[in-house]
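Subject: Handover of a structure, with notes

Hello,

Please take over this structure from me. The file comes first, and my notes come after it.

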Amino acid sequence: MNHLRHALRVFAAETLKQHRRLFGQPLVVFSMLVWPVLQLATTYYTLRPVATASRAAENWPLAADPERLLAFLATGTLAYAFFFSLVQSAWHLSFERATGTLELLFLSPAGRLTLMIANGAGALLQNAWLLTCFTVAALTGFGTLSVAAWWMYGIVLLALLVPAVAWGAFLNSLLVFSRDSAFLYTILDEPLWFVSGVRLPHFALPAAVQVVGAVFPLTGSLLAVRGALLEHRTVSDLAPTLLGLGALSALLLAAASLILRVGEARARRTGALSLA
C-alpha cells in the first residue's frame with residue numbers, strides 16, 4: 001500500500017510539473033485545437049476532390065459521402081493528436097538533460113517507470129482534451145456517429161488512453177537516454193500518421209507499410225475508435241483488436257522498464273546518461 005501511495009504522489013507531482021511548464025501559454029491553445037483543425041481541413045480539401053473525381057469510391061464507398069469522409073479524417077486527427085502529443089512530451093523531457101535536472105530525477109527515490117508514465121499522461125491529458133471535445137461535438141452535429149451502446153464511448157477512451165500512455169512511457173524511456181532526440185522526433189512525426197492509416201484506410205496502404213504500421217499502437221487504436229464510433233461495432237467485434245492493443249501496451253511498458261534499468265545501470269558504471 002505504501003508503494004502504491006508513493007507512486008501516486010510521484011505521478012501527481014510529475015503531472016503537475018508538466019502542467020505548470022506547458023499549460024497557460026497562447027501557443028498551447030494553438031497546438032491543442034487550431035493546428036489539428038487546420039491539418040484536418042487541409043487533408044479533407046486535398047483528399048475530397050481526388051476521392052470524388054476518381055473511381056476510389058468503388059473500393060472505398062465512404063469516400064463518396066462528404067460527411068462520412070470528414071468523420072473518418074476527424075477520428076484520425078483526434079487519435080493522431082493523442083499519440084503525437086506524447087512524441088512532443090518525450091522530446092521535451094530530453095530538454096531536462098540540457099537544464100541539468102535529469103540527473104536530479106535519477107538521484108531521487110521516485111520510481112523511474114512511474115516518472116515516464118506520469119510525464120506522458122500529463123502531456124496527454126492537457127493536450128488532447130480540447131480536441132476531443134471538439135471532435136465529439138462535430139461528429140454528433142454531423143450525425144455520423146453510429147455507436148452500438150453508450151458505454152462504447154468508454155471503450156473508445158480506453159482504446160486511446162492505455163496504448164497512448166504505454167507509447168509515451170516507451171518514448172520517454174528511449175529519448176531520456178538519447179542525445180539526438182531531434183532525429184527521433186522527426187522520424188516519428190510524418191511516418192506515424194502515414195503507416196498508421198490516419199488519413200487513408202489501412203487496406204489502401206501497401207502490404208509492407210501495413211506490416212510496419214502494425215508495430216505502432218496508433219494503428220490498432222484507430223481501428224477500435226473508427227469501428228466503435230462510425231461502424232456500429234460491438235465489443236465482440238472489436239475483441240481481437242482490443243486484445244492486440246492490450247498485448248502491445250504491455251510489451252511497450254515492459255520495454256520501457258527494461259530500457260530504464262539498462263540505461264541507469266550503465267550510467268552508474270560510466271557516468272553517461274546514454275544507452276551506448
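**Ground rules**

This is a predicted model: local features need pLDDT of at least 70, side-chain atom pairs count only at pLDDT 80 or more, and totals for chains, interfaces and linings use all residues. Residues are numbered from 1 along each chain as its sequence is written, and side-chain values use heavy atoms, with hydrogens and water left out.

**Fold**

The chain has twelve helices and zero strands. Helices (H or I, at least four residues) and strands (E, at least two) are DSSP runs, numbered from the N terminus. Of the 276 residues, 45% count as buried. Buried means under 20% relative accessible area, exposed means over 50%, and partly exposed is in between (1.4 Å probe, protein chains only).

**Record versus model**

UniProt, in an unreviewed entry, places "transmembrane region" at residues 27–47, 69–93, 150–177, 198–218 and 238–260. Positions are in the numbering used here, feature names are shortened, and annotations may be inferred rather than shown by experiment. Check two of these spans in the model. Residues 238–260 are 100% helix and 0% strand, with end C-alpha atoms 33 Å apart. Residues 198–218 are 43% helix and 0% strand, and their end C-alpha atoms lie 9 Å apart.

**Second largest pocket**

Rolling a probe the size of a water molecule over the atoms shows where empty space is left. The search uses a 1 Å grid over the protein atoms alone. A pocket is an open set of points with protein on both sides within 12 Å along at least five of seven lines. A cavity is a set of points where a 1.4 Å probe fits but cannot get out. Lining residues have an atom within 4 Å of a point. Grid points are joined across faces, edges and corners, and a volume is the space filled by probe spheres set on the points.

The second largest pocket holds about 400 Å³ of space. Its lining has 22 residues, and F72, P201, L223, R226 and E231 lie nearest the centre. The elements that give two or more residues to this lining are α4 (66–99), α11 (217–230) and α12 (235–270). The largest share, six residues, comes from α11. By class, the lining has eleven nonpolar, seven polar and four charged residues. Here Ala, Val, Leu, Ile, Met, Phe, Trp, Tyr, Cys and Pro count as nonpolar, Asp, Glu, Lys and Arg as charged, and the others, Gly among them, as polar.

Two of the central residues are in contact. The charged end of R226 sits over the ring of F72, 3.6 Å from its centre. The test asks for NZ of Lys or CZ of Arg within 6 Å of the ring centre and within 35 degrees of the ring normal.

P201 is in the loop between α9 (190–195) and α10. Why does P201 count as buried? Because its relative accessible area is 6%. P201 and L62 are 139 residues apart in sequence and 10.0 Å apart in space, C-alpha to C-alpha.

**Cavities**

The whole structure has two cavities of 30 Å³ or more. Q39, L40, T43, L73, T77, Y80, W193, V198 and R199 line it. α2 (26–53) and α4 each supply at least two of the lining residues. The classes are five nonpolar, three polar and one charged.

**Aromatic pairs**

There are three aromatic pairs. Rings of Phe, Tyr and Trp (its six-membered ring) pair if their centres lie within 6.5 Å; planes under 30 degrees apart count as stacked, over 60 as edge-to-face and the rest as tilted. W167 and F216 are edge-to-face, 5.7 Å centre to centre with 65° between the planes. This pair links distant parts of the chain, 49 residues apart: W167 in α7 (residues 152–175), F216 in the loop between α10 (207–213) and α11. W167 is buried at 5%, and F216 is buried at 15%. W167, F170 and F216 form one aromatic cluster.

S249 is in helix α12. S249 is buried, with 4% relative accessibility. Its C-alpha is 7.0 Å from that of V162, 87 residues away along the chain.

F95 is in helix α4. F95 counts as partly exposed, at 39% relative accessibility.

Best wishes
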